[in-house]
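Hello,

Here is the structure I promised to pass on to you. Below it you will find my notes on what turned up when I went through it.

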Amino acid sequence: MTHAFDLVVVGSGIAGQTAATSAAEAGLSVVLLEKTENLGGSSAMSGGWFAFSGTEEQAAEDIEDSSELFLQDLLDVGNHLNDRQLLDAYLKNQQDTYRWLKSHGVVFREVEISSGQSARRSHNSAIKEVLAALHRDFTDLGGQTRLNHRATRLIQDGSGRVTGVVTQTPGGEAHFTAAAGVILATGGFSRGQEMLKIFAPEQLAALPYGGKGNTGDGLKMAWRLGAGMADMSFVSGTYGSHPETGEEFHELLTAYYMGAIIVNKNGRRFVDESQDYKTLGRVVLGQPEGLGFEIFDAKVRAKSHRGIPLKDIDTLEDIGHVHKADSLEELALKAGINPQTLASTVERYNASVAGHQPDECGRAKLCNGVGDLLPIDTAPFYAYPAKSLMTTTYCGITINPSGQVLDVDGDVIQGLYAIGEVTGGFHGAAYMTGTSLGKGAVFGRVTARHAASSAS
């Protein structure tokens, strides 16, 4: 059976949902195809952080930030291996996307500093509500949605232009044609064991996470047409999730950006904790059992903010994932850490914080050069055991600033777009908090505009 639309969007995370809703607003007939039985993909499992600068929320809190500083942070955390054109496109379009999200009722309830940032620019949202609101508005505009439709092959005409997609459904094969093009928003391959074996076999030791449909389908379909790839050598999980992390809520604690240190089972520090959590995720895999313990005291515990991902120590303690004790020795015994070594590690750390000796791991600030270090000296003491969580792969198909897919020679594959985590080139070597949802939304808007202009 064949179904005809102006635009086909494959994948219903923030990238696909933003593109679909924006295209419907532009007057296109749009179908949103989702591989699984539920909308949202990895976005619905995320912490809901968007990275924007120059916002009303920042101004209300007198936060000093700028597009120039944002760009510098992106380049620094990406080790200057990012595609500069994609960064420029993000910064050029971030204000439009920010205002568009707010026009759809999105409320940014907190602004924080996190991985890869030197200013507070992570804007937190109730992401499931965001996705639901956008999908409601998409449906009200006449947009159609098909669940349990797994895209398996792209359709091309005689000139090589992509004109549709073939899907597998519970009722058999279905074809969807697209006059204005196909947008791939299928996510990464955090659940794709075969793809991980090819590109990042060491990451098979990380905890598998992300959307259940994230097995690399979109990447493989584009690859089959000769699409280029970028950032494939930088696949890494994110550090900070309990070994028994479930899918009920976004369990990722970054107490190390609040004042904690990270030690292994032997009680020794092994990394500068102020680095981005993707780098930390890569390093922790080399520790015994791939485990790192976030060690902190009552001062950091008091910074917890219930319900806010990355900072919610309250909930983690409620579910029994945080160890607590009145002394470091007792804490170590509860957590399974060498007591004598942990005590001496904390003693050396406190001495370096006081300026008596250099830090053994080279740490100077809390997060990416910002925030003064705190001694770990106020009981009770806490330990959160955490591993690297393979949430998404941050690499994939090469695109231009309009979201058009480029082949291995850098030429546009006409009629084919890619946005969100199926794409590569934006992040470079590492990832900044909020730029995953941010790039999904920004390039969702960009590709929708481009597709609408090509249809007119």
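**Cysteines**

Cys 395 is buried, its relative accessibility being 1%; buried here means under 20% relative accessible area, exposed over 50%, and partly exposed in between, with a 1.4 Å probe and protein chains only. Please keep in mind that this is a predicted model, in which local features need pLDDT of at least 70 and side-chain atom pairs count only at pLDDT 80 or more, while totals for chains, interfaces and linings use all residues. Residues are numbered from 1 along each chain as its sequence is written, and side-chain values use heavy atoms, with hydrogens and water left out.

How many disulfides does a search of the whole structure find? The count is zero, where a disulfide is a pair of cysteine sulfur atoms within 2.5 Å. Cys 367, for instance, is in no disulfide, and the nearest cysteine sulfur, that of Cys 361, is 17 Å away. Cys 367 is also buried, at 1% relative accessible area.

**Aromatic pairs**

Rings of Phe, Tyr and Trp (its six-membered ring) pair if their centres lie within 6.5 Å; planes under 30 degrees apart count as stacked, over 60 as edge-to-face and the rest as tilted. By this rule there are 16 aromatic pairs. One of them joins Phe 52 and Tyr 98 edge-to-face, with 5.8 Å from centre to centre and 65° between the planes. Phe 52 lies in the loop between strand 3 (49-51) and helix 2 (56-60) and Tyr 98 in helix 4 (residues 84-103), so this pair ties together parts that are 46 residues apart in sequence. Helices (H or I, at least four residues) and strands (E, at least two) are DSSP runs, numbered from the N terminus. Both partners are covered: Phe 52 is buried at 0% relative accessibility, and Tyr 98 is buried at 2%.

Another pair is stacked, because the rings of Tyr 394 and Tyr 431 have their centres 4.4 Å apart and their planes at 25°. Tyr 394 sits in the loop between strand 16 (381-390) and strand 17 (396-397), and Tyr 431 in the loop between strand 19 and helix 13 (435-455), 37 residues apart. Tyr 394 is buried at 4% relative accessible area, and Tyr 431 is buried at 6%.

There is a cluster too: Phe 50, Phe 52, Tyr 98 and Phe 108 form one aromatic group.

**Helix 11**

Which residues of helix 11 (residues 328-335) are buried? They are Leu 328, Leu 331, Ala 332 and Ala 335. Seen down the helix axis, the buried residues fall within an arc of 100°, so they line one face of helix 11; the arc is that of the directions from the helix axis to the C-beta atoms. Their cover includes strand 14 (292-296), strand 15 (323-325), helix 12 (339-353) and strand 16, with contact meaning heavy atoms within 4.5 Å. Gly 336 follows helix 11 and has a positive phi, near 85°.

**Strand 19**

In strand 19 (residues 412-418), five of the seven residues are buried. Strand 19 pairs with strand 9 (residues 172-184) in the parallel sense over three bridges, where two strands pair if DSSP finds at least two bridges between them. In strand 19, Leu 416 stands opposite Val 182. Strand 18 (residues 404-406) pairs with strand 19 in the antiparallel sense over two bridges, and Gln 404 stands opposite Tyr 417. Strands 18 and 19 form a hairpin with five residues between them, and Gly 410 in the turn has a positive phi of about 90°.

Best wishes
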